[in-house]
Amino acid sequence: MPLSTQSQTGGDNYVLVASLDNVRNLSNILKAITFKDHAIFNATPNGLKVTVEDSKCLQANAFIQVNLPGVYHQRGLMATALRMCYNGYGYPLTLFLEEGGVVTVCKINTQEPEEPIDFEFCSTNVTNKVILQSESLKEAFSELDMTSEVLQITMSPSQPYFRLSTFGNSGNAHYDYPKDSDMMELFQCTKTQTNRYKMSLLKPSTKALALSCKVSVRTDSRGFLSLQYLVRNDDGQICFVEYYCCPDEEVEEE
Amino acid sequence: RPLRGQERHACQEKCSIIIRRRILGLRRRNGGKKRGRGGLRERGRKRANFFDEYQLEGVAPDANEICLEVTPENLSRALRTSQNAKCVKIKLTKKHCPCLTLVAELPTLSSVSRVVTHDIPVDVIPRRLWHDFKEPSMPDFDVSIYLPPLKTMKNVVDRMKNLSNFLVMEANLNGEMNLKIETDLVSVTTHFKDLGNPPWGDDGSPGRSQSRDPEVMAHTRVDIRKLQQFLMGQQVNPSKAMCNIVHKRIIHLILLHEDVSLQYFIPAVA
């Protein structure tokens, strides 16, 4: 980005100050997970994590990491710079946006955060994992039959390897990605799994997909889904967006 | 030179045209008849420079004016077709009803011009109602300030409109202006600096501006949509744009472009 943070600044008594040369990248990432009215902002020494949840079944997280100091990026002519400040509990989140000498100050009232759901998705429990170039999935996602209530994901060490399926009014559709395809960067499937996820929950992930260059798709033994998107912005900085989703129903494993 | 369609943004509501000896005024009142309601005002000054020919025979020798009401859309449509005209004549005529007849001579490939005539129906406003159409006088303002680039202002106001229906405009004699909105969830303030304040002198500036503390802001809360409407006029490309604020009462916006001034009064809301 680069995003720089300080845990405390002198006179202002802020507990968080974050600065960005160009707010556009942050804005794009946040738009990618804005499918609900509320988000949880979590600031750590490593960076910002923004969480949005839907009906206790879906969770989206955007990670904006801190960059090492000393890296200077030339601001574009029409770039908007951002300074985000927070005084602590009870204070609003204050954004200072500057563009062409004009400063806009936004104070956003904060609320009691709810504890984000812990999906207990850990890498040791991962059954199947693929990493794809986003290009290949973008096409499929843009064509997804929205009359289908679910998106079915099949992952298997054997045919069809990686398959997306929909069951809509016009019929069933399958998108197959063979394990030796150019688009497939990593293929680690240990057992055949078929899981269904509510289309309405996954559809918002299309925005994150659009920004990304790579996607990792993982399922664990419970059928929980983890989608991780690698977003590289114009400055070459890297951010992550991830989605966790509960399976819609049990499907007999073939 | 053909009259340009500045009245275009007066939309569907009726627009009144007041033709006087020196001034051609187009005016739209926003709804009610009372003075002081928000409205779009346009005025042509120094008509000698604007028009090649100007003949007027008013209602009476002591009231050398004509007051007409017209649907702006009709007028702007006619003007649009005359944009490339060599010459345009506007006459008040009587066809099946009183009309503004617009005769445009359009260029063709041959030596013979093509003439297009538009008859725009108008209502003649009788003299007894003229007080309703009286031009509001320049208010006794607290602060006068040049506006920031209208395009920038429009961007800011358009985005603020997403968050709130009401906006506070405040400015001081130090060339500073703030646009503010506030809701339960968020407050947003955009700060403009170094805008400059118009040097009102003997023109009739209120005496109080001389002794006013330059840091103190005069502010007025208005319906954001009315401000948005005014900002659509930025396409006129004014040479000067300024704003007079009467604290908690009214915002008076003025665009100047050559011979034409566009004035907009936005009253305060509670």
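These legends walk you through several close-up views of a predicted model.

Residues are numbered from 1 along each chain as its sequence is written, and chains are lettered from A and ligands numbered from 1 in the order in which they are written. Because the model is predicted, local features need pLDDT of at least 70, side-chain atom pairs count only at pLDDT 80 or more, and totals for chains, interfaces and linings use all residues, while side-chain values use heavy atoms, with hydrogens and water left out.

**View 1. Chain A as a whole.** Start with the overall make-up: chain A holds 4 helices and 17 strands. Helices (H or I, at least four residues) and strands (E, at least two) are DSSP runs, numbered from the N terminus. Of the 254 residues in chain A, 44% are buried, where buried means under 20% relative accessible area, exposed over 50%, and partly exposed in between (1.4 Å probe, protein chains only). The accessible surface of chain A is about 13,300 Å², and carbon and sulfur atoms account for 49% of that surface; such areas come from the Shrake-Rupley method with a 1.4 Å probe, and for residues only the protein chains shown count as cover.

**View 2. A four-stranded sheet in chain A.** Here 4 strands make an open sheet in the order E12-E11-E10-E14 (chain A), with antiparallel pairing; two strands pair if DSSP finds at least two bridges between them. E12 and strand E14 (193-198) of chain A stand at the edges with a single partner strand each, so one side of each has no neighbour in the sheet. On average, neighbouring strands of this sheet are turned by 20° against each other, direction ignored. Helix H2 (residues 134-143) of chain A packs on the sheet and touches E10, E11 and E12 of chain A, its direction making about 175° with that of E12(A). Axes are lines fitted to C-alpha atoms, for helices over the stretch in contact, and angles run from 0 to 180 degrees between N-to-C directions.

**View 3. A hairpin in chain A.** Zoom in on E11(A) and E12(A), a hairpin with 2 residues between its strands. Strand E11 (residues 162-168) of chain A pairs with strand E12 (residues 171-177) of chain A over 7 antiparallel bridges. Look for A:Gly168, whose bridge partner in E12(A) is A:Gly171.

View 4. Is A:Ser226 buried or exposed? Its relative accessibility is 0%, so A:Ser226 counts as buried. A:Ser226 belongs to strand E16 (residues 225-232) of chain A. Leaving aside neighbours within four places in sequence, its contacts (heavy atoms within 4.5 Å) include A:Phe121, A:Arg218 and A:Tyr243.

**View 5. The largest nonpolar core.** A nonpolar core is a set of buried Ala, Val, Leu, Ile, Met, Phe, Trp, Tyr and Cys residues joined through side-chain atoms within 4.5 Å. The largest one has 85 residues, and those touching the most other members include A:Phe162, A:Leu164 and B:Met169. Helix H3 (residues 150-161) of chain B gives the most to this core, with 5 residues. Another core, of 14 residues, lies apart from it, with B:Val70 and B:Ile120 among them.

**View 6. A three-stranded sheet in chain B.** This open sheet has 3 strands in the order E5-E6-E7 (chain B), and their pairing is antiparallel. Helix H2 (residues 72-81) of chain B packs on the sheet, touching E6 and E7 of chain B.
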